[in-house]
Structures are given as structure tokens and as C-alpha cells.
There are 2 protein chains.
Amino acid sequence: MPQGQPSVVPDDGLTTRQRRNRPLVFVHTGIGKGKSTAAFGLALRAWNQGWPIGVFQFVKSAKWKVGEENALKVLGASGEGGTVDWHKMGEGWSWIQRAPAEGELTNEDKAREGWEQVKRDLAQETYKLYVLDEFAYPMHWGWIDPEEVVEVLRNRPGTQHVVITGRNAPQQLIDFADLVTDMSKVKHPMDAGQKGQRGIEW
Amino acid sequence: MPQGQPSVVPDDGLTTRQRRNRPLVFVHTGIGKGKSTAAFGLALRAWNQGWPIGVFQFVKSAKWKVGEENALKVLGASGEGGTVDWHKMGEGWSWIQRAPAEGELTNEDKAREGWEQVKRDLAQETYKLYVLDEFAYPMHWGWIDPEEVVEVLRNRPGTQHVVITGRNAPQQLIDFADLVTDMSKVKHPMDAGQKGQRGIEW
């Protein structure tokens with residue numbers, strides 16, 4: 001997208017520089033491809049700025065996004081940009097020391113555990129970019145209250161950018177977010193009977 | 001997006017595996033954010049598979065996408081995944097040895113030079129993933145014939161995946177592509193008087 005001029009200059013008492021460096025909330029929603037992929041692409045820019053990045057994957061999956069995960073881990077360990085912490089719900093979240101017994105925690109419990117950690121990290125300003133991947137789902141399913149999410153995001157300290165992906169992002173979040181992109185499906189290979197392939201879908 | 005079952009099983013005489021490994025053409029179009037970002041996110045998966053990747057940036061810009069460029073170059077040089085060649089129109093294309101005098105080549109000439117190289121690389125199967133970034137524009141502007149692009153893509157040998165980004169992708173290309181995502185703008189910070197910021201827009 002070409003670099004444009006703002007269409008409105010707001011009467012908010014901020015200088016252009018203050019406004020420019022405002023922390024942002026992004027939402028990538030819609031039924032098309034590219035929601036998470038674009039979020040990880042955004043992480044490349046953050047990495048290039050030397051920012052600490054925290055990825056929280058709110059989805060249980062064995063092979064999905066392993067490409068992005070490996071790439072961002074190699075980048076984070078390269079010493080040439082920012083750091084990358086990659087937290088996966090599917091592996092029981094890295095900050096939970098004791099592995100709960102099988103069936104002890106539901107996916108709803110795990111999603112809430114993830115959100116509690118995001119809240120702690122936001123309070124401590126652990127990261128400069130948060131990728132809350134597929135986080136729209138636990139909100140859509142009623143596991144996590146979107147009103148609370150908006151309230152926490154509204155009151156987060158410092159300059160912390162947050163990207164939330166997933167279909168069916170709740171309206172309260174869309175209303176609050178600074179940037180919302182709806183990825184619409186125009187055409188997908190599965191429509192033509194094609195299954196996902198390595199290197200493309202994961 | 002959850003891994004789904006194909007909605008149709010085509011009568012094309014191919015096995016599921018053959019169909020699965022079919023080379024794909026992706027188009028990311030629309031006026032919203034995330035078209036290029038998602039293309040570079042896709043490159044992370046390709047890198048993770050060890051694929052050679054060629055990026056062709058069909059746009060003249062000093063600072064845009066420097067984050068993605070630096071990140072993909074570090075990955076390409078890491079020895080842990082695929083290689084990355086990054087070609088920029090704005091720097092006069094890397095394969096052109098002699099720098100033309102100022103004003104010697106128009107942007108239209110340069111865009112055509114880029115496309116000629118893409119054609120040579122496709123014929124030689126140089127890469128397994130091509131990111132033709134902002135390539136929709138020279139087609140939209142009438143500099144490069146979309147019919148020719150479709151014809152070249154249709155006849156490309158081997159298994160070479162191609163991602164084309166940019167607003168106003170021509171209809172012939174959309175009709176031909178395997179996967180088309182339209183990134184729609186729901187809300188953008190520039191609407192609220194905010195300019196682009198480092199780490200976010202570039």
C-alpha cells in the first residue's frame with residue numbers, strides 16, 4: 001500500500017510524532033487466507049527494529065505454522081534483530097512448569113491461562129509486539145470476555161503493539177482496534193478439490 | 001484456518017498426492033493491509049521447507065519492506081532453510097550489470113525488465129517460490145499484458161509456486177489463479193490522522 005497522507009488531522013493535542021508512535025491494536029479477521037500469515041509478516045518488521053516479540057498461539061495443532069515458528073526462532077536467535085518468544089497452547093504453555101494430567105485442563109481452561117499470561121506480560125511490558133494468533137476464537141466461543149480484552153488493551157502501559165487474528169472477531173474488538181483487515185476468500189484450492197500441501201499450508 | 005476437506009473431488013485423473021503437489025498461483029489483492037505481508041509470511045513456510053525463494057519487488061521505494069527484506073536475507077543466509085534472492089526494481093534490478101544513466105529507463109521499462117527475468121527464471125526453474133510483489137500494478141497500468149502473464153504461468157515447468165500482490169489485480173489473473181484473497185480495509189489508523197510508524201509500516 002502506498003504511504004499516504006492521513007485523511008484527517010485529529011484535534012487530540014498530540015504532535016504528529018506522538019501520534020505516530022501510538023501503540024496499535026491490529027485485527028486480522030475474515031474467512032480468507034492470510035490472517036496469521038500477515039501477522040507473522042508484521043513480526044518480521046518488528047524483529048528488524050530489534051523489538052522483543054511474543055507469539056501466543058491460541059490453537060491446538062501439530063504441524064500448522066511450523067514454518068513461521070522455525071523462521072522466527074532462527075531470527076530471534078540470530079542476534080541481528082529482536083528476540084522471539086513462542087508460546088503454544090497445544091504444548092501446555094511454556095510458563096506452566098508442572099504438566100497437568102491428561103484431561104485435567106479443558107481447551108477453555110488453557111485459553112484462559114494464555115490470556116492471563118498475556119495480561120501479566122502487558123502489565124510488565126515484556127514485549128513490544130504481541131501476536132495473539134487465533135485469539136478471536138476463544139472470544140467468539142464465549143471463553144474469554146471481549147469486553148475484558150478491550151479494557152486490558154485500552155489500559156496497557158507504554159508502547160506495546162498487539163495483533164489479534166482469527167475468524168469472527170467480536171464487534172467490541174473491531175470497534176476498539178486501530179487497524180482491522182478483513183481477509184475475504186475469493187477463491188481457494190480446496191474449492192477445486194485440492195488438499196493442503198507442505199510449504200504452502202504449513 | 002482449520003485444515004478442511006476439499007468440497008469437491010475433481011474428475012481430473014490425478015491422485016490426491018499429485019493434486020496436492022500441484023504448483024499454485026496465489027493472488028493477494030484488495031485495498032486493505034496485509035497483501036505483501038502475507039506473501040512474505042508464506043515465504044517463511046517455503047524457507048522452512050528448504051525451497052529456493054525469489055522475491056521481485058515491482059515498486060520503487062526506499063524504506064518499504066526493509067524489515068521483511070532483512071529478515072528473509074538473514075534466514076536465507078542462515079544455512080538452516082531455503083535460499084533467498086531479493087531483487088528490487090528501485091535499485092535497477094540486480095541482474096543488470098551496467099547501471100543505466102539517469103532517466104535512461106522509465107519505470108515501465110524497468111517493470112518489463114523484471115518480468116523478462118521472471119520469465120527466464122521460470123523457464124530455468126530457478127526458484128520454487130516466487131514473490132512478485134506489487135506486480136498487479138504494472139499489469140493494471142497496461143505496462144505488462146495480463147494475458148501474457150497468464151500464458152507464461154500456465155506453461156511454467158515443474159513445481160513452481162507464484163504469489164502476486166497488489167491492488168487491482170486484473171480479472172484474467174484472478175480467473176486463472178488457484179488462490180485469491182481480497183484484503184478489505186475495515187479500519188486503518190490513517191483514517192484517524194495517524195501516519196505510518198517504524199516497525200509497523202516498514
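Leaving aside its neighbours within four places in sequence, which residues is B:Ala111 in contact with? They are B:Phe58, B:Met89, B:Pro138, B:Trp143 and B:Ile144. Contact here means heavy atoms within 4.5 Å.

Before I go on, the ground rules. This is a predicted model, where local features need pLDDT of at least 70, side-chain atom pairs count only at pLDDT 80 or more, and totals for chains, interfaces and linings use all residues. Residues are numbered from 1 along each chain as its sequence is written, chains are lettered from A and ligands numbered from 1 in the order in which they are written, and side-chain values use heavy atoms, with hydrogens and water left out.

Back to B:Ala111. Helix α4 of chain B, residues 107-124, holds this alanine. Helices are DSSP runs of H or I with at least four residues, strands are runs of E with at least two, and both are numbered from the N terminus. B:Ala111 counts as buried because its relative accessibility is 1%. The cut-offs: buried is under 20% relative accessible area, exposed is over 50%, and partly exposed is in between, with a 1.4 Å probe and protein chains only. B:Met139 sits 28 residues away along the chain, with 9.5 Å between the two C-alpha atoms.

Over to chain A. A:Ile96 is in the loop between β3 (84-88) and α4 (107-124). At 23% relative accessibility, A:Ile96 counts as partly exposed. From A:Ile96 to A:Gly114 is 18 residues in sequence and 10.0 Å in space, C-alpha to C-alpha.

Next, a contact between the chains. Helix α3 of chain A (66-77) packs against helix α2 of chain B (35-48) at about 85°, with the axes 8 Å apart. So α3(A) is roughly perpendicular to α2(B). That label covers 65 to 115 degrees; under 35 is roughly parallel, over 145 roughly antiparallel, and the rest oblique. Axes are lines fitted to C-alpha atoms, for helices over the stretch in contact, and angles run from 0 to 180 degrees between N-to-C directions.

Who meets whom? From α3(A), the residues include A:Val66, A:Glu68 and A:Val74. From α2(B), they include B:Leu44, B:Arg45 and B:Trp47.

Last, chain A as a whole. It has 7 helices and 6 strands. From the N terminus the order is α-β-α-β-α-β-α-β-α-α-β-α-β. Of its 202 residues, 52% are buried. Among chain A contacts between residues at least 6 apart in sequence, 78% join residues at least 24 apart.
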